[in-house]
Amino acid sequence: MNNGENRRLNGEADEEDDDDDANGGLAAWERTYADDRSWEALQEDESGLLRPIDNKAIYHAQYRRRLRSLSSLATTARIQKGLIRYLYIVIDFSRAATEMDFRPSRMAVVAKHVEAFVREFFDQNPLSQIGLVTIKDGVAHCLTDLGGSPESHVKALMGKLECSGDASLQNGLELVHGFLNQIPSYGHREVLILYSALNSCDPGDIMETVQKCKTSKIRCSVIGLTAEIFICRHLCQETGGSYSIALDESHFKELLLEHAPPPPAIADSAMPNLIKMGFPQRAAESSIAICSCHKEAKVGGGYTCPRCKARVCELPTECRICGLTLISSPHLARSYHHLFPIIPFDEVSDKVLHDPRNQLPKVCFGCQESLMNPGTGNSPGIRVSCPKCKQHFCLDCDIYIHESLHNCPGCESFRRPKSATSDE
């Protein structure tokens, strides 16, 4: 009996050891904390005690710093915004993307945030197009051609989440250069590379490829998930792009979303042109026609090209028959705010907040939520004010106004209708 129990206990112990090895040698309670990384949400205060980080205040501070830097750049340089952008996202799916320093892996983190970036990109750039390219096994693969459908890009990306071999930066650049070199002069050509490897396995001289991209005015930017690499830094400097290294997942998300708004471009890089565009009508729901995009018959929906009467599925796009750029009027309206962005709001200083002579508003002008300090209830809390209308807003409304609304509610409310002005 004792021998049988010993064998059974030894077998159970071996199984437990196998489970620990499969999970990196961590116990169950250790894996819970390792996955959550709860220690990263703590900071030390003045007295040496650990307290949770105020993520909302940190996010707002980072947002305002980015807003100030973009505003100062726009006022100190003669720039123009590229409203029609052609962007290729080159994703490194080599074996380096399987590393687990980003949980659960670099590949999973990149795929998740690229999906969010694609949707945000089309929300801010409705006239632009995106294409996806992956590099693995020393070869560049085109996942999707340039297009304006976020759903098709996301579906193609999620169906090809496989990592193997080495990364070839040169092959990726050569592939996208061949695509972007055919773009008309009014389009802004951009490449965003999400690089996980520490080297590049190239078949030729990559410096020649960098010069080809520079000559074709292709702006190349890189977000690295490892240490800085010389060739990536050189590529970004030569083509006018930006090079950043992600410290963690939240930092990677922030760096990625910075590429959603149209970057400032020197006026000489893209000559102004008049572009022919068509505004197609939506087809009746009961109509049957052959879609020029997919070469198949579809019932209802779609749009009809005003020049050749061909049927297309979605907007914006380029007619496959006559080549006319097809858009809708809301697309132009949504691109307008990039030309005339709303100025950053000013933070109300502590001196103004605690001066008893100032009659400060107690509620946010936008959401009507209280602006008083929740701890005391009587003292005024943190707020911002519009430099023009002097109305006060909470931090959430500040972000919403600058990132989504693109109009100040206070300034809009003070604008009197033309009819009222004429009556007077």
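## Terms and model

Ala, Val, Leu, Ile, Met, Phe, Trp, Tyr, Cys and Pro count as nonpolar, Asp, Glu, Lys and Arg as charged, and the others, Gly among them, as polar. The model is predicted: local features need pLDDT of at least 70, side-chain atom pairs count only at pLDDT 80 or more, and totals for chains, interfaces and linings use all residues. Residues are numbered from 1 along each chain as its sequence is written, and side-chain values use heavy atoms, without hydrogens and water.

## Second largest pocket

A pocket is an open set of points on a 1 Å grid over the protein atoms alone, with protein on both sides within 12 Å along at least five of seven lines; lining residues have an atom within 4 Å of a point. The second largest pocket has a volume of about 770 Å³, taken as the space filled by probe spheres set on grid points joined across faces, edges and corners.

Its lining holds 26 residues; Gln129, Asp145, Leu146, Gly147 and Arg320 lie nearest the centre. Two or more residues each come from strand E4 (85–92), strand E6 (139–147), helix H5 (150–158) and strand E17 (317–318). Helices (H or I, at least four residues) and strands (E, at least two) are DSSP runs, numbered from the N terminus. E6 gives the most, with four residues. By class, the lining has eleven nonpolar, ten polar and five charged residues.

## Largest cavity

In a cavity, a 1.4 Å probe fits but cannot get out. The largest cavity holds about 90 Å³ of space. Its lining includes Ile84, Gln129, Met277 and Glu318. By class, the lining has seven nonpolar, three polar and one charged residues.
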